[in-house]
Amino acid sequence: MRLLRSARLERLLQKGTQVSFALGFMTLSLFAAADEMAVPADLQVPLILKVLTYDRNFEERAQNELKIGIVYTGNAASLKAKNEVMGVLEKFSGKTIRKLPIKYVLVEFTSQRDLESATKTLHMNVLYIAPGNAQNLDALLKVSQANQIITTTGVPTYVDQGVAVGIGIRQDKPQILINLGGSKREGSEFDASLLRIASVIR
């Protein structure tokens, strides 16, 4: 998966929007509930993967592989989102991003201590935070920042609260969301070409 130039990324966003709404997702609006995904997993996950390649510290962070920890809880919405994201990532099995294999693990949030242990044992370098984690964000961010693990999500309000990268909706189009302070605290440095087309929270 090559690094996309800004114009190509913008075309991808437009194409993704057309596909999304052609499939009947027009009921998803700007007013999605605070703990819900704004964009379907099959659109947001590929966008997130491409956004990660704009991190100038990407190779140093990933080293031998991109290992994504899908962090979920026991509630129905979180389990559903976890399964959807997992299903999309399954399609990337055998594929690479910047010549690095893409892998994932499932992590049910139980405590900050258990998450800390899991990130080290399973060598995660990206956390995907599923819905249902609103009450866990403080603990999640403490772990991600202490261990320089970039956080991503499909829940826009999580980005407002410190998660580094998310996908939302703006004017019926998928919108890249970047929490600049959060991303820097996790050790990321995003290229200016990405920040120009993203919605940036400073």
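This is a predicted model: local features need pLDDT of at least 70, side-chain atom pairs count only at pLDDT 80 or more; totals for chains, interfaces and linings use all residues.

**Notebook: charged pairs and confidence**

I began with Glu-189, whose relative accessibility is 39%, so I put it down as partly exposed.

Next I looked up the partner of Glu-189. Its side chain meets that of Arg-56 in a salt bridge, with 3.0 Å from N to O. I then checked where the two residues sit. Arg-56 is in the loop between helix H2 (41–52) and helix H3 (58–62), while Glu-189 is in the loop between helix H8 (180–185) and helix H9 (192–197), so this pair ties together parts 133 residues apart in sequence.

How exposed is Arg-56? I found 48% relative accessibility, so Arg-56 also goes down as partly exposed.

I stayed with Arg-56 and found another salt bridge, to Asp-191, where the closest N and O atoms are 3.7 Å apart. This pair, too, links distant parts of the chain: Arg-56 belongs to the loop between H2 and H3, Asp-191 to the loop between H8 and H9, and 135 residues separate them. For Asp-191 I noted 27% relative accessibility, which makes it partly exposed.

I moved on to Lys-103. Which residue does Lys-103 form a salt bridge with? The partner is Glu-65, and the closest N and O atoms of the pair are 3.2 Å apart. Lys-103 lies in strand S3 (residues 100–108) and Glu-65 in the loop between H3 and strand S1 (66–72), so here parts that are 38 residues apart in sequence are tied together. Lys-103 has 41% relative accessibility and therefore counts as partly exposed.

Back to the earlier trio for a moment.

Last, I looked at confidence. The chain has a mean pLDDT of 87, and 83% of its residues reach 70 or more. I marked two stretches to read with care. Over residues 1–5 pLDDT stays under 50, and the model has 16 contacts beyond four places in sequence for them. Over residues 16–32 pLDDT also stays under 50, and there I noted 19 contacts beyond four places in sequence.

Methods:
Residues are numbered from 1 along each chain as its sequence is written. Side-chain values use heavy atoms; hydrogens and water are left out. pLDDT is the predictor's confidence in each residue, from 0 to 100. Contact means heavy atoms within 4.5 Å. A salt bridge is a side-chain nitrogen of Lys or Arg within 4 Å of a carboxyl oxygen of Asp or Glu. Helices (H or I, at least four residues) and strands (E, at least two) are DSSP runs, numbered from the N terminus. Buried means under 20% relative accessible area, exposed over 50%, partly exposed in between (1.4 Å probe, protein chains only).
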